[in-house]
Amino acid sequence: MRIDVLTLFPEMFEGVFHTSMLGRAESKGILSFHTHDIREYSQNKHHNTDDYAFGGGAGMVMMAQPIFDCMEAVLNGESARRILMTPRGRTLTPDMARELAKEERIVILAGHYEGLDERISELIDDEISIGDYVLTGGELPAMVLVDCLARFIPGVLGCSESAEDESFSNDGLLEYPQYTRPADFRGRLVPEVLLNGNHAEINKWRRQQSLLKTLKMRPELLEGARLSKSDVEFLEQHGYAKQE
Ligand code: ADE
């Protein structure tokens, strides 16, 4: 997959796109990253990319011209899924990331300032938010989106890892706790059940821990989770009352 990002701060992406799993995916040729500085497309003599809002109000608005020219130069007549990062967008979910991971090419526009001239909406296929809070720009959200969708592209995660068996893929439950050696760390012991090699018991314990963690941290997820009768009984013993 080819990923292009249109931004005023291309340097912000250097570390994230070329390190760790994303860097490895790039070396393997699974992903390629291209950042483009919107400011280079400004026709304004001071290379401004923003201006006052028509109608007044605080804050500057990103101008249409540099963004149109940058998008047109980047696409050069080719097609791609064009995404705007904005708190006004649909909230990112694993299903959205899984769908986007099938695209051959994605162009992400990371906005800044108070907003963008609404006329850029004709350049955009999807508006995506990473959550109900407002950041200073779309750069961090763009990195979050890329990292999240990359995990669904075959070959990005090692073969022993899978994007499908973690929190939010685990029947809609949060993940159970994990431990590694030593079994005794400064007197803090790993739960006995994990050491006895009885896989039926281990699986039962992990399921129950997932249920308890979800009940404690994100009880609303239980309504959409795939729960067996014994799961529901276990939750009820721990204070869960199913919504009718
Ligand atoms: N830009 C600023 N805040 C954002 C958010 N929460 N999601 C996506 N883009 C943003």
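This is a conversation about how to read some features of a predicted model.

Colleague: I am new to this structure. Into which domains is the protein chain divided?

Modeller: Welcome! Keep in mind that the model is predicted. The chain is divided into domain 1, residues 2-150, and domain 2, residues 165-236. Their C-alpha centres lie 37 Å apart.

Colleague: Let's pick one residue to begin with. Where does aspartate 4 lie, and is aspartate 4 buried or exposed?

Modeller: Aspartate 4 is part of strand β1, which runs over residues 2-7. To judge burial, look at the relative accessible area: under 20% means buried. Aspartate 4 has 0%, so it counts as buried.

Colleague: Which residues does aspartate 4 touch, leaving aside those up to four places away in sequence?

Modeller: Those residues are His34, His36, Val74, Arg105, Ile106, Val107 and Ile108. With histidine 36 there is a polar contact between the side chains, at 2.8 Å. With arginine 105 the side chain of aspartate 4 forms a salt bridge, 3.0 Å from N to O. That pair links distant parts of the chain, with aspartate 4 in strand β1 and arginine 105 in strand β6 (residues 105-110), 101 residues apart. Arginine 105 is buried, as is aspartate 4.

Colleague: How many salt bridges does a search of the whole structure find?

Modeller: The search finds 15. One of them joins arginine 88 and glutamate 118, whose closest N and O atoms are 3.3 Å apart. Arginine 88 sits in strand β5 (residues 81-91) and glutamate 118 in the loop between β7 (115-116) and β8 (126-129), so this pair ties together parts that are 30 residues apart in sequence.

Colleague: How do I read the accessibility of those two partners?

Modeller: Exposed means over 50%, and partly exposed lies between that and buried. Arginine 88 has 60% relative accessibility, so it counts as exposed. Glutamate 118, at 47%, counts as partly exposed.

Colleague: What does arginine 207 form with aspartate 231?

Modeller: They form a salt bridge, with the closest N and O atoms 2.8 Å apart. Here the linked parts are helix α6, which holds arginine 207, and helix α7, which holds aspartate 231, 24 residues apart. Arginine 207 is partly exposed, with a relative accessible area of 21%, while aspartate 231 counts as buried at 6%. Some salt bridges also share partners, and in this way Arg2, Asp4, Glu78 and Arg105 are joined into one network.

Colleague: Let's stay with helix α7. Which of its residues are buried?

Modeller: In α7, residues 229-237, the buried ones are Asp231, Val232, Phe234 and Leu235. They cover an arc of only 160 degrees around the axis, which puts them on the same side of α7. The face turned away from that buried side carries the exposed residues Lys229 and Gln237.

Colleague: And what covers the buried residues of α7?

Modeller: The cover includes α6 (199-217).

Colleague: Where do phenylalanine 17 and phenylalanine 33 lie?

Modeller: Phenylalanine 17 is in helix α1 (residues 14-18) and phenylalanine 33 in strand β2 (residues 32-37), so the pair ties together parts that are 16 residues apart in sequence. Phenylalanine 33 is buried, and so is phenylalanine 17. Taken together, Phe13, Phe17 and Phe33 form one aromatic cluster.

How values were computed:
Residues are numbered from 1 along each chain as its sequence is written. This is a predicted model: local features need pLDDT of at least 70, side-chain atom pairs count only at pLDDT 80 or more; totals for chains, interfaces and linings use all residues. Side-chain values use heavy atoms; hydrogens and water are left out. Helices (H or I, at least four residues) and strands (E, at least two) are DSSP runs, numbered from the N terminus. Buried means under 20% relative accessible area, exposed over 50%, partly exposed in between (1.4 Å probe, protein chains only). A polar contact is a pair of N or O atoms within 3.5 Å; within protein, one must be able to donate a hydrogen and the other to accept it, and residues adjacent in sequence count only if both atoms are side-chain atoms. Contact means heavy atoms within 4.5 Å. The arc is that of the directions from the helix axis to the C-beta atoms. A salt bridge is a side-chain nitrogen of Lys or Arg within 4 Å of a carboxyl oxygen of Asp or Glu. Domain bounds come from an automatic or database domain assignment. Rings of Phe, Tyr and Trp (its six-membered ring) pair if their centres lie within 6.5 Å; planes under 30 degrees apart count as stacked, over 60 as edge-to-face and the rest as tilted.
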